[in-house]
Protein chains: 2
Amino acid sequence: MSESADIIMFERGDYVSFANCGLPYHIGGDIESRDALLLQTPQSFKQRFNVDVRVRSNVEAINPLAQTVTVRNLDSNECYQQPYDKLLLSPGAKSIAPAIDGLSNNRTFTLRTLPDMDQIQTLIDRDQPSHATVLGGGFIGLEAAEALRQRGIDVALVELGPQVMANVDAEMASPLHQELADHGVDLRLATALMSVEDNGDSLALKLSNGASLTTELLILATGVKPETELAEQAGIALGANGGIKVNSRMETSITNIFAAGDAVEHVDLVTGQPALIPLAGPANRQGRIAADNMLGSDKHYKATQGTSVCRVFDLTIAATGSSEKALLKAKRKYEKIYVHPMNHAGYFPGATAVSLKLLFEPNDGVILGAQAVGKDGVDKRIDVIAMAIRAKLTVFDLEEQELCYAPPYGSAKDVVNLAGFVAANYLRGESDICQVDDVLAPNPQQVVLDVRNPPELINTGAIEGAVNIPLDSLRERLNELDRDKEYLVSCMVGLRAHVATRLLINSGFKAKNMTGGFKTYQMVLAAKAVTS
Amino acid sequence: MSESADIIMFERGDYVSFANCGLPYHIGGDIESRDALLLQTPQSFKQRFNVDVRVRSNVEAINPLAQTVTVRNLDSNECYQQPYDKLLLSPGAKSIAPAIDGLSNNRTFTLRTLPDMDQIQTLIDRDQPSHATVLGGGFIGLEAAEALRQRGIDVALVELGPQVMANVDAEMASPLHQELADHGVDLRLATALMSVEDNGDSLALKLSNGASLTTELLILATGVKPETELAEQAGIALGANGGIKVNSRMETSITNIFAAGDAVEHVDLVTGQPALIPLAGPANRQGRIAADNMLGSDKHYKATQGTSVCRVFDLTIAATGSSEKALLKAKRKYEKIYVHPMNHAGYFPGATAVSLKLLFEPNDGVILGAQAVGKDGVDKRIDVIAMAIRAKLTVFDLEEQELCYAPPYGSAKDVVNLAGFVAANYLRGESDICQVDDVLAPNPQQVVLDVRNPPELINTGAIEGAVNIPLDSLRERLNELDRDKEYLVSCMVGLRAHVATRLLINSGFKAKNMTGGFKTYQMVLAAKAVTS
């Protein structure tokens, strides 16, 4: 934006612009070269952009009246005052250290910086540990667990909550639990780490359920919180969630001081409420907007929707917009449907299911959020719905959307279309739906009807108390049904149950389709089993 | 929609609901089982949906006044009148047979139906041909060429136009030409087939350039046109492009007669003009809308945007909205930019470039079309932009869009974002652009400046007449430049040239970034080379 501005960047650590999202993948061996993680150096930044990057320089105070920052050179230990016209705070977030005794030992690390990664690598190379423990099942915890398994290390993953990946709903996370177990991760859900004892060549971990673990490496991945000390000391206002408060121009409460990235609070696109959503994409955009505005532009940041993705061994999980639990918390009305279609034409080899949950406004069908899990094509569907959410589109738009189709890539009725169909059919009153919870506790006027073929029930399990009439016999067996009852209809993924529901309604019966079928039923039950 | 309606389906051929998009993949061996292509049978359709499917039943006439159709049973050769309340015409499209002598032989086939595929398979199995020729380089022609190569057969692909995949612009198709050549396809562009001579165990093909080919199998893939004879005979109006004319309810010009699928004309979403876009997704949606309306609903089809994708060996090409040539033909104003970012984080293994062309309104930035080609992640980006086009979004929305990011899936600044940045920077006047054509013919006041490093010019080629100053030396070498000139700046993909353009503008020079850099330059030159 400017050749005339003097631009100085202060960094406390040794590095600028390293690929922190790549750290777990270097530990796991996917990224072989450590150098590949170093995107810019102070020298390259100076050469190309004429930016004066000062590493090992800790900003100790902001002096808004004088418009200076107090900087300590960590090598010389000398302090100096650096004047500014405009100041950008981008200190990021720091790991939340759990309040547990014994964490200060040389086998316990966080995984946010290059030095963190180097220390973990050094320990692995030196000790060839046979067992490691990851505390926390979010993005970093999951990626770290996978990386350690790729190195042949036994891994315990200890998670306080009843599910990994807290940003999605419990039933959508449940396939990840199976995937982790299938890849040899010893998953301990709903379990707290109580204490750590350093035995020299290993750590003894005590867990809340009374169990103990002997481990040689402990990675803390229990989340992050904004680095706000410097801002607070300068009198800069924080927001409701403890991040630096900024307006849409990325200006803080003090004139000429801007902030961007994981340290600030965003507006959540769906709820309109302030939120802490530490993601790389929003941080990047905010940085550019802040820079433009510092040099005289008038650009505005337009809310964060929390689009995210994580690889968990052979599965991908992704989400955008609000989760069901976030909507419940925000007391927003919503409706939800599930689909499990193939990622591409079923007759083309390699087709695998994408399990997708769609949340939308019951009145107008505006899309509120989506989550998906599967082996392939998950990120694509969430990206498409992310665009729809940004544009305030409805489930009726998803129904109509024209997407790439050839057998290796999708289907003429894509996953996104199918989700739209189910939701739109429901909102138009053409195919009423019910949820797994309804089927688990039907009222006396309701009958659960499973329209799968008997061998499917034997192979994958039956719904307790359900009547079984296969779809293709239903028309000739309508006389077995009771017109005074309401039928809650289920099949494997919800398609045959939809056809059955229409058949029943058109024949004068009351019927609802259990959205997502037995596959959703299994996911919900697996999630419930953790806490029961 | 109804249990009480009597629903009869007439099909001239032996099969209903076969996976015609899968036919080339069965020939190539990707889809091993022929049965996998049979999605529904008359029996399954009767059982599940109570539809009376009559195959080998040719509808010979529609009698709108009597509200009947005349049907010939192709087995008994008897005719009967079938009354209707509502009639749906979904005859599809038929292959355009080129006007060439000698095509009637037993080695020449189209590839639209299961019997077509069976005949080709039979010939391959029987004769083990060493050489086959495909006439036409559209979707079917490309898929057929790939399938034949997978069977170890030498393939010539003869295409009348200067490029394959006529729905995208020539420079975007040029990587496909290289890919075809790299996989042993003998590609003959801008070449017509003049005559075919049947020599019993082979065909002698004469081409427009005087060359001849001896081939054992000839597949005609020269496009399709709507099957409209029946509709025309009944007095149903056709549209400007020769397809059956329908309103948004899928009603034809005659009461109680609906039409859907490849036989009808759609409204093009971008141009608003009638268009023939034979694609599976739109056909599916139209069928459902027509059915709903035939049973009393009031649903409306909302234009086709032509989202499409094709696999060509290891490349994927996809497009949505209008191409540049379509916009030129429609006399629409547009601007265009190119980007070539990696499909996912460059430091994560397996990253490959996605070459994307974005077309947009010069005034307000509304997106008009996009095309992309690359090895991976192409369909995802086109699907996201397809959603944006449907929502009438602008390049400014692409700039802001929040998409899935983790190193295996994307980048914090995704391909779609980068395309948005380039277009939005241009529209805001922050970074003016020029095109390859400008660089090929600079005016006397313009200088072409290549800011790549000298080894890159040696390895990949230089732009004729360009001055070379590497970006990282540019700031200290500004004194070599002339303030009276305008600099047309190029690098490899357009990023360094953007930085250089900003540096020059901020230093008081006139400069424009050649969008897409040397990579676009090469694609444009390759396309021009075909016709020169």
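Contact here means heavy atoms within 4.5 Å. With that settled, here are some notes on this predicted model.

1. **Confidence.** Chain A averages a pLDDT of 96, and 100% of its residues score at least 70. For the complex, the predictor reports an ipTM of 0.96 together with a pTM of 0.97.

2. **How the two chains relate.** Chain B is superposed on chain A by a rotation of 180° with 0.0 Å of shift along the axis, at an RMSD of 0.0 Å. That is the relation of a two-fold axis. As for the interface, 100% of the interface residues of chain B are also interface residues in chain A, so the copies meet through the same surface.

3. **The nonpolar core.** The largest nonpolar core has 78 residues. The residues with the most contacts inside this core come from both chains: A:Leu358, A:Ile367, B:Leu358, B:Ile367 and B:Ile385. In soluble globular proteins, nonpolar side chains tend to be buried together.

4. **A look around B:Ile385.** Neighbours within four places in sequence aside, B:Ile385 touches B:Leu358 and B:Ile367, and its other contacts are B:Thr320, B:Leu356, B:Ala370, B:Leu398 and B:Val416.

5. **A parallel sheet in chain A.** Five strands of chain A form an open sheet with parallel pairing, in the order β25-β29-β28-β26-β27. The edges are β25 (433-434) and β27 (467-468); each has a single partner strand, so one side of each is left without a neighbour in the sheet. The partner of β25(A) is β29 (residues 510-514) of chain A, and this parallel pair has 2 bridges. Within it, A:Ile433 has A:Asn513 in β29(A) as its bridge partner.

6. **The helix on that sheet.** Helix α15 (residues 495-506) of chain A packs on the sheet, where it touches β26 (446-450), β28 (486-490) and β29 of chain A. The direction of α15 makes about 170° with that of β29(A).

7. **Two backbone spots to check.** Most residues other than glycine have a negative phi. A:Gln128, though not a glycine, has a positive phi of about 45°. This residue is found in the loop between α3 (114-127) and β9 (131-135) of chain A. Is A:Gln128 buried or exposed? A:Gln128 counts as exposed, because its relative accessibility is 60% and the cut-off is over 50%. B:Asn77, also not a glycine, has a positive phi of about 60°, and is found in the loop between β4 (68-73) and β5 (79-83) of chain B.

Notes. Residues numbered from 1 in each chain as written. Chains lettered and ligands numbered in written order. Predicted model: local features only at pLDDT ≥ 70, side-chain atom pairs only at ≥ 80, totals over all residues. Heavy atoms only, no water. Helix = DSSP H or I, 4+ residues; strand = E, 2+ residues; numbered from the N terminus. Buried < 20%, exposed > 50% of the residue type's maximum accessible area, 1.4 Å probe, protein only. Core = buried A, V, L, I, M, F, W, Y, C linked by side-chain atoms within 4.5 Å. Pairing = 2+ DSSP bridges. Axes fitted to C-alpha atoms, helices over the stretch in contact; angles between N-to-C directions. pLDDT = per-residue confidence, 0-100. Least-squares fit on C-alpha atoms with pLDDT ≥ 70 in both.
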